[in-house]
Structure formats: C-alpha cells, structure tokens
Amino acid sequence: MNKVSVYICTGCGIDKLDIERLKKVSQEEYGIEPVVHPHLCSKEGAEIVRNDEADGIVIAACSPRVKTNVFDIEGKYVERVNLREGVVWSHDIDEHAQELAEDYLRMGIVKAQKAQIPEPYLQETSKDILVVGGGVTGLTAALEIAKAGYKAYLVEKEPNLGGWLAKNYKALPTAPPYNRFEEPIVYRLIEEVTSNGNITVYTSSTIESISGQPGMFDVTINQNGNQVQFRVGAIVVATGWKPYDAKKLENLGYGKYKDVITNLELEQMAKEGKIIRPSDGKEAKDVVFIQCAGQRDPNHLPYCSSVCCLVSLKQAKYVRELSNGHAFIIYKDMRTVGIWEEFYKEMQQDEGIFLTKGEVTSIYEEDRKIVVEVTDTLLGEDLKIKADLVVLATGMESTLKGLYTVKEEFPDEKTVPYKHIYELHPIKSEEEVEELKKIGHILNLKYRQGPELPTLRYGFSDSNYICFPYESRRLGIYAAGCVRAPMDAAACIEDARGAVLKAIQAVELVAEGKTTFPRTGDIDYPQFFLQRCTQCKRCTEECPFGALDEDEKGTPQPNPLRCRRCGICFGACPERIISFRQYSIDQISSAIRAIHVPDPSWEEGAEEKFRFIVFACENDAYPALDMAALNGLKYSPLVRVIPVRCLGSVNTVFIADALSSGIDGILLLGCKFGQDYQCHFIRGSELANRRMENVQETLQRLVLESERVKVIEVSITDWDKVPKIINEFVDNVKQLGANPYKGF
Amino acid sequence: MEVDVKFTKEIQELGGRDLKKCFQCATCSVICPLSPEDRPFPRKEMIWAQWGLKEKLLNDPDVWLCHQCNDCSDYCPRGAKPGEVLAALRARQVQEYTFPSFLAKLFAKPIGLIVYFAVPIILTLIYFATFNPQIPEHEIVIGKFIPHTHIEYAGFAVGAWVIIVAVISVWRYWNYVILNNIPRYGEGAARSFFDGLIQTIVDIIYHSKFKECGKASYRYYAHFMIFWGFIILGIATIGDIIYIYVLGVKELALPIWDPVKILGNIGAFLLFVGSAWAIVQRLSDEKIGAGNYFDWLFLLTLFGVAITGITIELLRYAGNIGAYYAYIVHLILVFALIAFAPYTKFAHLLYRTLAYIWAKNVGREVKK
C-alpha cells in the first residue's frame with residue numbers, strides 16, 4: 001500500500017488499555033499518526049474513515065467478523081485489528097494484555113503495508129447453464145433456469161426424456177387426502193421443457209468433454225455421432241440413480257426363482273396392465289413385499305434409499321387394484337417421512353394390505369408357490385406366507401458410483417493421500433485403475449485432477465459441503481437429485497431448484513471475477529511467479545477444487561474462476577511463489593516478524609514473557625475464539641492469534657519464521673478432517689496436519705521439541721473448550737522452556 | 001397363516017372402525033393399567049385384528065381382562081381406539097360362544113332390536129289374550145292388575161332358560177378360550193382355582209380394577225352404582241318373596257317407609273344415577289369413542305328398567321293410572337334384559353369373571 005492510516009476506537013472497553021502507548025507504537029515504530037475515536041462505528045466515526053484518502057486502512061477496534069457494513073470500503077484495503085474480542089473481552093487487563101494489544105497493532109499495520117489492491121479476473125463469460133440428465137430433476141432444473149431468464153442446455157443420453165418416473169405406472173399423491181394416485185409429473189415437465197424457447201434439448205447425447213472453467217466451460221457433446229459444441233457458465237449434474245444389482249440377492253431368491261422380482265420389475269408389469277407370475281403367467285393374488293432388500297446391510301448397500309417404503313405401499317395398492325389380491329409388506333421400519341405419513345395412513349386403511357415388521361429367514365418354493373418365512377414379527381409368532389409373487393424393494397446407487405472420478409483416489413504412486421478417501425477406497429492395482437479409466441464418464445472434465453465430480457460416502461457425489469449444500473468440490477458444477485442422495489420426486493424437484501439458484505449465483509459472480517462459497521464475492525485470486533517453479537506438483541495435487549491444471553512438464557496452469565481462494569496452494573508451495581494480492585507469504589511472514597519477542601539478554605522479566613502464535617482458520621476456529629470472548633471466557637495473553645483463510649494456507653516457512661523470531665510455540669486451530677470432514681475447504685486442516693508432521697523432522701534437526709508445534713481440530717461449537725485448549729498448550733510449552741533461538 | 005378379511009370387517013362393524021390406523025407403537029399396552037408385562041394387551045389384538053387372525057382372537061381371554069377404562073384410546077397417537085376394538089372383540093366372542101350363536105349374532109346388530117322387543121311384546125300380547133288382566137278402578141295396586149305369582153312363574157321360566165344357556169356357553173368358552181391358554185401363558189402365580197375365585201370376587205366387590213382407570217375415572221363410580229344398585233334391587237326382590245311366602249303379605253303395594261321398599265328405592269336410585277352417568281360420560285369424549293351398539297343396547301335397557309321402575313312408583317304414589325302402563329313397559333324391558341342376558345353385554349358377568357379367575361391362576365395380572 002502506498003499510504004496506510006491507523007484508527008483506534010476506544011469504545012466497548014478498549015479504553016481500559018493504555019491508549020497512549022498504543023499510539024506510540026504507530027507513531028514511533030511506523031511513523032503513522034493514529035486517529036483515536038471513542039465510537040468509531042457511529043455515523044460520525046464511519047464518515048471520518050470513509051473520507052480517508054489512504055488506500056490501506058488499519059482499524060483497531062472490534063472483530064473483523066462484525067460491523068462489516070460499516071468498515072468494508074470498496075477499493076481500499078481494510079485491516080481489522082481485533083482489540084475488542086481479541087484483547088479486552090478475553091483477557092484480564094494487565095501488562096500482558098497491553099503488550100498483546102501492541103503486537104496486534106504492529107501486525108495489522110505491517111499487513112496493511114504489504115497488501116495490494118487486487119484486480120478482478122474479468123473474461124467474456126457465458127451465463128448459460130448446462131443441465132446433464134433429463135429426468136425429473138434435470139427437467140425441473142432446465143425449466144427453473146429458463147423461468148429465471150437464463151438459457152439452458154439439457155443433455156440426455158436416452159432417446160426419450162423423463163428418466164425413471166416416465167417408466168412408472170402411477171405417481172404418489174401430492175395433495176390431501178393422499179389416497180389418489182397421480183400421473184407422473186414428468187409428462188407435464190417434458191411438455192413444458194420442449195416448448196420452452198430458452199431450453200435447447202439434446203437427447204441421445206453424451207458429453208465427450210468439458211474443458212475450461214466456470215463462466216467458460218467449453219462443452220462438446222456427441223449426439224448420435226454428431227459433435228455439437230457450446231459454451232456455458234455453470235453445470236447442473238442431474239444424472240440420477242441406477243438400481244442395485246438384484247442378482248447379488250440370491251439369498252432372497254432373486255435369480256433362483258422366477259417369481260421373485262424387484263420393485264422396478266413390478267412397476268413395469270403394472271404399467272403393462274397386469275400383475276402376473278413370471279413362471280406361469282397366471283395372475284398374482286398374494287404378493288409379499290420385502291423391504292430393505294440388499295439395503296441397510298453392510299454386505300450390500302449400507303444405507304437406506306428413502307423411497308422404497310413409499311413405493312411398496314403404492315405397489316401394494318396396485319396389487320389390490322389390478323389383481324384384487326392381498327399384499328403383505330414385511331418391513332424393518334416404515335420410513336414414510338414428513339407429509340408421507342398421511343399417505344401411509346391412507347394405505348393402511350385398505351383391507352387387503354397387511355403390514356408387519358419382520359426379518360425374512362428363508363424363501364423357498366413349495367407347491368408352485370413361494371414360501372416366505374419371517375421371524376421377529378409384530379404378531380408374536382413366526383410367519384409362513386405362501387405367496388404367488390415376491391417383490392424385493394431394492395435400492396438406489398448414484399450414477400457416479402464405480403466411475404473413475406478423481407485421480408487422487410487412485411493415484412499412480414499407489415498412495416492415497418487423504419484420510420476421508422483411503423478410509424473408503426482400499427488401494428487398487430494400477431491395472432484395475434486403468435480398467436476403471438476406460439468406463440464411460442458423465443462429465444469428462446478436462447481437469448488435471450480427474451474427469452468427474454468427486455464422490456464421497458457410498459459413491460454419491462461430494463456435496464457434503466456442510467454449511468453450503470449443493471456446492472461440490474468443483475466450483476460452478478452443482479449436483480442435484482438422486483445422483484447426490486436417494487430422494488423422492490418431490491425432494492428432487494426442490495433439490496433441482498436449489499442447485500439452479502446456486503448455478504445462477506455462480507454465473508453472475510464469475511462474470512465479475514468473483515468466487516462463491518465460502519469466500520463469496522472475493523475477487524483476489526492467486527498469482528504465480530512461475531519462473532521459480534520447480535514443478536514439484538504439490539499445488540496441482542493439493543488444490544481441493546482442481547483449480548490448477550498441469551502442462552507436460554508439471555508446471556501449474558491456473559484457472560482463476562475455478563478457485564475458491566482458500567490459499568492451500570500457497571501453503572503447499574515450498575518455493576513460495578504463490579500469493580494473493582491481499583493475502584501473501586510476505587504479508588504473513590512480516591506480521592510474524594513484527595511481533596515483539598522480549599529478549600532475555602536485554603529485557604527485564606523477559607523469561608516470563610513467552611510468546612505463542614495461534615493460526616486460527618477463519619471458518620470455525622476464529623469465530624470460536626470470538627464466541628469465547630463474547631461469553632466472557634479468558635485465555636492466556638501470551639498468544640498472538642493470526643487469522644488465516646484455511647490451515648492449509650499455512651506455509652511451513654511461517655513456522656520457520658516464527659521459530660527463528662524466538663516464538664516459543666505455534667498452535668494451529670482448524671476444522672475437523674477425516675471422513676466426516678468439516679474443513680470448509682475440504683482438506684486444508686488435514687494438509688496442515690500432514691505438513692506439521694513433516695515439520696517435526698525439521699524441529700528435531702534444530703534440536704527443538706516436537707511439542708512446540710501442534711495441530712488441534714476444533715469446531716465452532718467448541719468455543720467453550722478453546723480457551724482451555726490454548727491454555728493447556730501454553731502450559732505444556734512453558735514446561736519445555738523458552739525457545740533457545742530467542743534473541744538470535 | 002391365513003388372513004380373514006371378512007373377520008376384520010366384522011370387528012370393524014362391531015365398533016372397531018379405526019383398527020386399521022394402528023401402527024404398533026405399543027403406547028396402548030404401556031399405558032394400560034391392567035395389562036401384564038408379558039404379551040400385553042391391547043397391542044397384539046390390534047395387529048391380529050388388522051390381519052384378520054380369527055382363531056387367535058376368538059381364543060384370546062385377554063380381551064376380557066380389559067375394563068375399557070379407555071386410557072389406551074386416549075393416548076393412542078393414531079386415533080385407532082383400541083378400547084373400542086377390544087369392546088368389539090368381546091361382542092364377537094359372545095357371538096361365538098353363547099348358545100345358540102345365531103341369537104347372539106342377531107342381537108349384536110341394530111336389526112336385532114326387532115326381535116329384542118318383539119319377543120317380549122308378543123309374549124305380553126299372548127298373556128293379555130290368555131289372561132285378560134283388568135286395570136283396577138279406584139286404586140293403584142299392581143298386584144291386582146297382573147298377579148305376582150304370574151311374574152314369579154315367568155321369572156322362573158326365564159331364569160331356567162338363562163341358566164341353561166349360560167351353562168352351555170360357559171362350557172364352550174371355558175374349553176376354547178380358557179383351557180387353550182393355560183400352557184401358553186402359564187407362569188407366575190400358581191394358586192388354586194378356589195383361591196383365584198375368592199380373589200376375583202373380592203376384586204369385584206371393591207371394583208379394584210375400575211379404580212385403575214385414568215381417563216374414564218367416572219367408570220369406577222358409575223359401574224359401582226349400577227352393579228350394587230342391581231344387587232340391592234335383587235335383595236329387595238328376595239325381600240318381597242320373603243314377605244309373600246314367609247310373612248304372608250298379600251299385597252306388595254308397600255308404603256315408602258317399608259324397609260324392603262327403602263332398599264328397593266336405594267337400588268333403583270343407584271341404578272338410575274349410575275346408568276345415566278355412564279350414558280352422559282360415554283357421549284362426552286370423541287377421542288375415546290362412545291362405545292358400540294352392543295354396549296349401548298345393554299346400557300339403555302338398564303336405564304330403561306330403572307326409569308320405568310321409578311316412574312311406576314312415582315305414579316303409584318301419585319295415584320295415577322299411568323302406573324299400570326308404565327308397569328307393562330317395565331316388564332317388557334326387564335324381560336329383554338334378563339332373557340337375552342347371555343347374548344348381550346350382560347354376558348360379561350360370566351365371561352369376565354371367568355377370565356379373571358384364569359388370569360389370577362396363571363399369573364396374568366399387573367405385578368404391583
């Protein structure tokens with residue numbers, strides 16, 4: 001920054017500090033005359049700040065998480081020094097707290113001085129949106145896109161639109177009294193979609209490749225041998241589900257007996273008008289439905305597909321209507337969630353539908369009937385039901401399951417780097433990986449990190465993104481419907497709407513060079529000083545969003561519009577060639593070095609004045625600290641908290657800088673990692689953890705104790721525990737003694 | 001495992017209309033103050049009824065352990081009214097075991113009202129045709145209209161009929177329902193049959209089971225009054241018989257301070273208040289349900305007997321000739337009440353008592 005101004009607010013208890021000493025820090029150490037105001041966020045105070053001509057403004061007042069409407073000034077760099085929650089509300093006011101406040105001011109000024117005004121990455125972007133999949137989800141998505149005033153492209157691999165719902169005989173009731181079936185909604189949707197001028201439909205089409213970045217996705221599709229190309233700004237993936245292979249359910253008689261079928265096969269029979277026994281073509285009168293077939297079972301699908309109970313109730317009514325027979329439903333639980341409870345109640349009223357909980361022990365043929373033996377029933381005894389037909393309620397798998405989605409899951413080096421991935425995917429051989437690569441893909445993304453949306457648990461797409469549903473690990477690409485979780489048609493429709501809203505947000509933001517969650521609106525993107533790149537490939541591999549492609553040599557090729565601005569790349573780079581304009585290696589290193597570490601050889605009482613740094617991630621850890629302060633909890637005044645965007649952006653050079661400055665201990669507080677990760681940038685805290693394990697070696701070489709650097713997972717709800725965590729760390733390191741490199 | 005849809009429909013028509021609503025949450029069994037912990041009721045009866053398991057339900061004595069306190073219906077989250085379902089099942093068992101079954105089946109439905117009243121009315125007409133009783137002028141003395149001896153003979157005849165029917169029905173009930181359930185449920189207290197009998201009688205005298213009622217706590221008082229009112233009326237009748245045959249009293253137009261009369265009035269008052277209270281309370285709670293036709297027939301007949309009896313007395317003391325007409329109506333109602341007792345809810349007298357003797361013998365009561 002060319003010119004930096006400093007404002008110190010003395011409201012909210014900050015006046016308990018020695019303001020004169022604070023002023024001196026700014027005046028004598030940095031030559032900036034600070035402006036002191038008793039109530040900076042008032043209309044009058046805000047005016048003064050706004051009218052300041054400097055392009056870097058340091059506001060020493062409350063936390064950066066509050067009063068953003070007052071202190072965020074367009075075109076200027078504002079550095080918020082947290083004297084309120086960070087000092088006076090979370091510490092006793094004494095000499096230590098005073099020194100803490102002064103250090104925070106020093107760090108703030110230095111960071112403001114090192115910051116630069118960013119320029120947005122502006123390109124000619126498209127605001128059209130691609131929808132992949134023409135089932136109920138895709139059709140709804142395309143319609144919502146058109147209704148919102150954007151252009152949609154709908155790509156469907158089958159010759160007809162409608163997906164699975166078009167194959168249904170009837171659909172579940174959507175209005176009271178919930179006892180009248182309806183026509184599947186897809187027929188109406190297909191009509192609306194095909195007659196809408198803003199939607200271009202490609203059926204019998206698959207995607208050959210998608211290259212580029214949000215706003216500039218270049219899509220090539222193959223329609224019956226012809227290639228079509230177009231550009232879109234965002235993508236909604238709505239490719240839905242595929243049925244679990246019932247041939248694996250031999251223990252339930254599928255494949256062994258012709259009269260044991262799946263719920264899909266029954267639906268088809270109903271659509272053709274009669275429910276018959278496949279073995280002899282006679283009408284099926286007594287039909288047994290077995291729920292949770294191959295589901296909620298660690299040997300098959302370990303989860304519940306959420307719709308099969310509803311489907312079986314519906315199909316039981318088909319049996320009553322078409323065959324005037326009896327339908328027996330054997331369930332583990334009746335999962336008719338929400339308003340579907342009304343539907344369950346209505347179906348129960350039917351005299352020919354019999355429901356009981358139970359475990360099926362065996363299925364065999366006897367006298368041309370299929371006998372189903374059930375134990376653990378509600379009737380108080382074991383049952384032996386002689387059925388004409390047995391219907392297995394099999395479940396849903398995502399269409400992404402089994403595809404080679406992300407390279408890191410099956411890397412060539414035979415090591416799977418991330419815990420939440422290796423916990424689910426045992427290491428496979430290189431040959432198996434090659435076979436997987438040959439199976440047809442959905443998106444065929446030309447991303448270095450892999451051709452598909454990454455998957456998480458059970459093969460569904462990773463839209464786990466905790467606080468931000470629909471967001472995936474690929475910016476600008478949104479998953480909706482059963483491809484991301486089993487759901488019924490009503491939920492698919494809502495899901496499609498949600499994904500479309502996100503897609504629209506994405507195209508609008510990237511048109512202005514801005515990113516989406518969690519740093520929505522940020523225009524500052526990482527700059528690469530490629531002359532010094534050693535092609536180590538750490539950044540290209542570790543970027544959680546695949547924002548970096550590689551050339552043949554391994555040099556990173558950034559795609560700024562794919563980037564969520566986490567800074568994990570800059571934390572990874574050993575050459576430190578990556579930086580943001582407003583968040584750089586130089587900035588943080590300088591802030592670390594600006595901390596005044598009392599030198600025992602010069603200063604009196606310096607032995608008592610240990611110094612610690614806490615890197616706190618802005619998503620969970622820093623807010624937890626603020627919340628602890630809001631609740632009056634206090635922690636050691638010897639720690640200097642440096643907010644970082646993600647622990648993954650903590651470069652090991654910061655540790656080196658800190659230790660060589662004489663800092664006694666470094667604590668990294670960040671979000672949980674692992675299979676149920678909470679890290680808002682997916683793997684930042686896990687990477688930090690791994691890097692700090694490597695740092696242990698360096699520490700040992702320097703004859704420093706490994707306990708001086710620690711990574712601890714916290715979540716925002718742990719605000720009551722964070723002060724204790726910090727104090728424990730401080731006490732442990734104090735026991736080890738001061739950093740021997742102090743004063744060097 | 002055969003499901004009988006017809007049977008389910010029968011139970012629904014007998015009052016268990018909402019039985020299909022049950023989803024086996026077991027709240028009813030938990031809340032029932034009379035249900036034992038092992039294989040409690042009424043939950044299992046609900047699902048058996050949904051599946052039309054006729055054999056199981058007709059052989060289930062647990063339905064008689066229920067006193068229809070209706071806590072279950074009150075707590076049922078689905079409004080399945082298990083209290084009503086068990087009442088329907090009791091009606092259905094009475095139909096099955098009382099001899100001959102077709103009469104029980106007849107009286108369980110409103111169409112049976114025709115026979116219910118036709119029989120006593122026709123008998124009354126036959127009597128009038130045969131004996132041509134005359135309404136005395138200038139005095140209200142019931143015995144001069146229809147001689148008491150005629151009433152006695154009719155009473156013995158009806159009584160004999162009822163006893164024969166009861167013995168046959170109880171025999172059937174005992175074999176199918178009670179004996180079928182001894183090996184199946186047996187555990188816990190193994191007392192003697194006599195001991196069980198005494199305990200049951202004590203329970204009845206104190207109405208201890210009724211005391212457990214939560215929601216419908218009025219039932220303890222109402223039933224107590226109906227039960228004891230009826231017994232006191234019976235004692236008063238015995239008093240009358242002693243007057244006639246032992247003390248040689250010619251006319252039973254007793255004055256109001258006569259001890260037997262006083263007893264009779266107390267009985268009548270209890271019966272009247274008890275049945276009126278039951279009628280009013282039954283209609284007061286929609287969630288619990290008002291009870292089925294089978295129950296109402298008995299209750300209204302009792303009430304009718306009480307009110308016509310009181311009417312006769314009031315009219316007699318007022319010197320009004322209407323007393324004689326009230327007497328005819330009263331006799332018709334009393335006939336229906338007693339003669340058809342084994343086929344109506346009145347049968348619970350025997351079935352429930354036997355079920356409790358059984359329950360005490362196999363240890364099927366709530367452990368206190």
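The legends below describe close-up views of a predicted model.

**Figure 1. Overview of chain A.**
Chain A contains 20 helices and 30 strands. Its C-alpha trace spans about 100 × 60 × 55 Å along the principal axes. The chain has 744 residues, and 59% of them count as buried. Taking the contacts in chain A between residues at least 6 apart in sequence, 70% join residues at least 24 apart.

**Figure 2. A parallel four-stranded sheet in chain A.**
The view shows an open sheet of four strands in chain A, arranged in the order β28-β27-β29-β30, with parallel pairing. Its edge strands are β28 (639–644) and β30 (709–713) of chain A, each of which pairs on one side only. On average, and with direction ignored, neighbouring strands of this sheet are turned by 20 degrees against each other. Strands of a sheet pair through backbone hydrogen bonds, in either a parallel or an antiparallel way. Strand β27 (residues 612–617) of chain A runs parallel to β28(A), and six bridges join the two. To find one position in this pairing, look for A616(A), which stands opposite P643(A) in β28(A).

**Figure 3. An antiparallel strand pair in chain A.**
Strand β18 (residues 369–375) of chain A pairs with β19(A) in the antiparallel sense, over five bridges. Within this view, E373(A) stands opposite K384(A) in β19(A). Strand β19 (residues 383–387) of chain A has two faces, one covered and one uncovered. Which residues of β19(A) make up the covered face? They are L383(A), I385(A) and A387(A). The uncovered face of β19(A) consists of K384(A) and K386(A). Helices α16 and α18 of chain A.
Helix α16 (residues 585–594) of chain A packs against helix α18 (residues 652–660) of chain A at an angle of about 20 degrees, and their axes are 9 Å apart. Angles under 35 degrees count as roughly parallel, so α16(A) and α18(A) are roughly parallel to each other. The crossing of α16(A) and α18(A) is right-handed. On the α16(A) side, the residues in contact are I585(A), I588(A), S589(A), I592(A) and R593(A). On the α18(A) side, they are V653(A), F654(A), D657(A) and A658(A). Sorted by class, the contact of α16(A) with α18(A) has six nonpolar residues, one polar residue and two charged residues.

**Figure 4. Helices α13 and α18 of chain B.**
Helix α13 (residues 193–206) and helix α18 (residues 348–362), both of chain B, have axes that come within 8 Å and cross at roughly 125 degrees. From α13(B), the contact takes in F193(B), G196(B), L197(B), Q199(B), T200(B), D203(B) and I204(B). These meet T353(B), Y356(B), I357(B), K360(B) and N361(B) in α18(B). The residues of the contact of α13(B) with α18(B) comprise five nonpolar, five polar and two charged.

**Figure 5. Two cis peptide bonds in chain A.**
P176(A) and P177(A) are joined by a cis peptide bond, with omega about 0 degrees. P177(A) lies in the loop between β6 (152–155) and α7 (186–194) of chain A. Another cis peptide bond joins F517(A) and P518(A), with omega about -5 degrees. P518(A) is located in the loop between α13 (489–511) and β23 (527–528) of chain A.

C292(A) is not a glycine, yet its phi is positive, at about 50 degrees. This residue lies in the loop between β14 (286–290) and α9 (308–323) of chain A. Is C292(A) buried or exposed? Its relative accessible area is 14%, and buried means under 20%, so C292(A) is buried. H207(B) is not a glycine either, and has a positive phi of about 55 degrees. H207(B) is found in the loop between α13 and α14 (218–245) of chain B. With a relative accessibility of 3%, H207(B) counts as buried.

Technical notes: Residues numbered from 1 in each chain as written. Chains lettered and ligands numbered in written order. Predicted model: local features only at pLDDT ≥ 70, side-chain atom pairs only at ≥ 80, totals over all residues. Heavy atoms only, no water. Axes fitted to C-alpha atoms, helices over the stretch in contact; angles between N-to-C directions. Contact = heavy atoms within 4.5 Å. Nonpolar A, V, L, I, M, F, W, Y, C, P; charged D, E, K, R; others polar. Buried < 20%, exposed > 50% of the residue type's maximum accessible area, 1.4 Å probe, protein only. Pairing = 2+ DSSP bridges. Parallel < 35°, antiparallel > 145°, perpendicular 65-115°, else oblique. Left-handed = near helix turned anticlockwise from the far one by under 90°.
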